[in-house]
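Please open the structure in your viewer and keep the selection tool at hand. The tour below moves from one stop to the next, saying at each what to select and what is there.

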Amino acid sequence: MNTSCIIRGLGHCVPDSVLTNADFERMVDTNDEWIVTRTGIRERHVALKGETCVDLCHGASVQALKQAGMEASDITHVVLATFSPDAFIPSAACMLSHRLGISGRMAMDVSAACSGFLYALETARALIALHPQAKVLLAACDIVSSRVDYTDRGTCVLFGDGAGAAVITADGPGLTGGRVLDVLVSSDGAVGDLLTIKGGGSGTPYKLGDAIRRDFFVEMNGREVYKHAVRAMSSICEEMLTRHGLTTSDVDVFIPHQANLRIVEAVGKRLDMPEAKVFTNLQKYGNTSAASVPLALSEAVAEGFVKPGSLVLLGTFGGGFTWGSGLLKF
Ligand code: UT7
């Protein structure tokens, strides 16, 4: 059975506190010029006041439900993409459901790093195909700052915290929102060691009394990740267009993973995508991992960059490696 689905509402939420490039100049051996030229990032919102994954997902979900004209009690399934849940147990999805005042529904976390939103969207599509009456709340959030070493200039300047949320149901007459025309997701564990957070996992456990080691934080071979990100995101977006007999001229808005402006530009160039069609907000948020694409999508819709009728192409890439593309029609 194949049931087409539609994003009925979107929302996003970021912590209040902001770290600017000038703040990083005081923390590590870096400067605004290096950060802006190499990444495009100028500031990022960081959970300095202790906001958690569930806090931000709650904020984004309330907005998405409001936009969808639904109550939390209408939701039948909660799918939450994150690598930085509040706890290993209970899952962030269970905690979010509880915070929203709902229980008795399927609630689960999805781990696909920066590609989490598209992995969760594919999961939502499968759930709706199985249960056409399903009303799925999808949240994607990372508190990357909880796993960033703020003495490592090679990684700390890149990341921010945030959440995006979407309410997804089967499509039907009279419904408005973003029709999910297709999702493609992929992975390759062979190169997973190029971007890791190993410490504290069962493969690298910590014993009581151990000091936190470097492996507790994001470790990355930036140059290699960069190359893979450009190749994988371009090719899966090309595959998406080919699959639907489309070209870049048919696309109204391209929303790629917001990791680095140079990656965005390189992917845009490979796809021959005019700059004017590319939405970016990484300048003010940095790389928010799983939240990156839904945060950008939610803002692009709120700002009118995505309009009724827009054909929107999504692209993502993250640790694992995982990558994907989505095609939406508003
Ligand atoms: O969601 C996916 C997650 N990750 C990514 O998307 C990241 C992908 N990679 C990148 O975006 C880029 O590789 C970076 C932005 C991380 C780095 O840019 P790069 O042009 O690849 O620089 P590099 O790593 O080759 O480093 C160049 C120089 C090095 O110094 P030396 O060895 O040439 O003396 C670094 O030590 O820049 C130095 N450097 C910095 N300098 C000032 C690295 N970080 C900084 C910094 N400030 N923050």
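Begin by selecting Asp272, which lies in the loop between α8 and α9; helices here are DSSP runs of H or I with at least four residues, strands are DSSP runs of E with at least two, and both are numbered from the N terminus. Before going further, note that this is a predicted model, in which local features need pLDDT of at least 70 and side-chain atom pairs count only at pLDDT 80 or more, while totals for chains, interfaces and linings use all residues. Residues are numbered from 1 along each chain as its sequence is written, and side-chain values use heavy atoms, with hydrogens and water left out.

Is Asp272 buried or exposed? Asp272 counts as exposed because its relative accessibility is 61%, where buried means under 20% relative accessible area, exposed means over 50%, and partly exposed is in between, using a 1.4 Å probe and protein chains only. The phi angle of Asp272 is near 60 degrees, a positive value in a residue other than glycine. Most residues other than glycine have a negative phi, and most peptide bonds are trans.

Stay in the loop between α8 and α9 (282-285) and select Pro274, which is partly exposed with a relative accessible area of 39%.

Next, select Ala113, in the loop between β5 (106-110) and α5. Ala113 also has a positive phi, near 50 degrees, in a residue other than glycine, but it counts as buried, at 16% relative accessibility.

From there, select helix α5, residues 116-130, whose 15 residues reach 21 Å from the first C-alpha to the last. That reach is close to the 21 Å expected at 1.5 Å a residue, the expected span being 1.5 Å times one less than the number of residues. Among the buried residues of α5 are Phe117, Leu118, Leu121, Leu127 and Ile128. An α-helix has 3.6 residues a turn, so residues three or four places apart point the same way.

Select Ile89 and Pro90, which are joined by a cis peptide bond with omega about 0 degrees; Pro90 is found in the loop between β4 (77-81) and α4 (92-99). Then select Gly320 and Phe321, also joined by a cis peptide bond, with omega about -15 degrees, and notice that Phe321 is in the loop between β12 (311-318) and β13 (322-329).

Finally, select the ligand together with the 23 residues around it, of which Thr30, Arg38, Arg223, His257 and Asn260 come nearest; a residue is near a molecule when one of its heavy atoms lies within 4 Å of it. Which atom of the ligand is 2.9 Å from a polar backbone atom of Gly222? A nitrogen atom of the ligand is at that distance from Gly222, whereas an oxygen atom of the ligand lies 3.3 Å from a polar side-chain atom of Trp34.

Key:
Polar contact = N/O pair within 3.5 Å; in protein donor to acceptor, adjacent residues only side chain to side chain.
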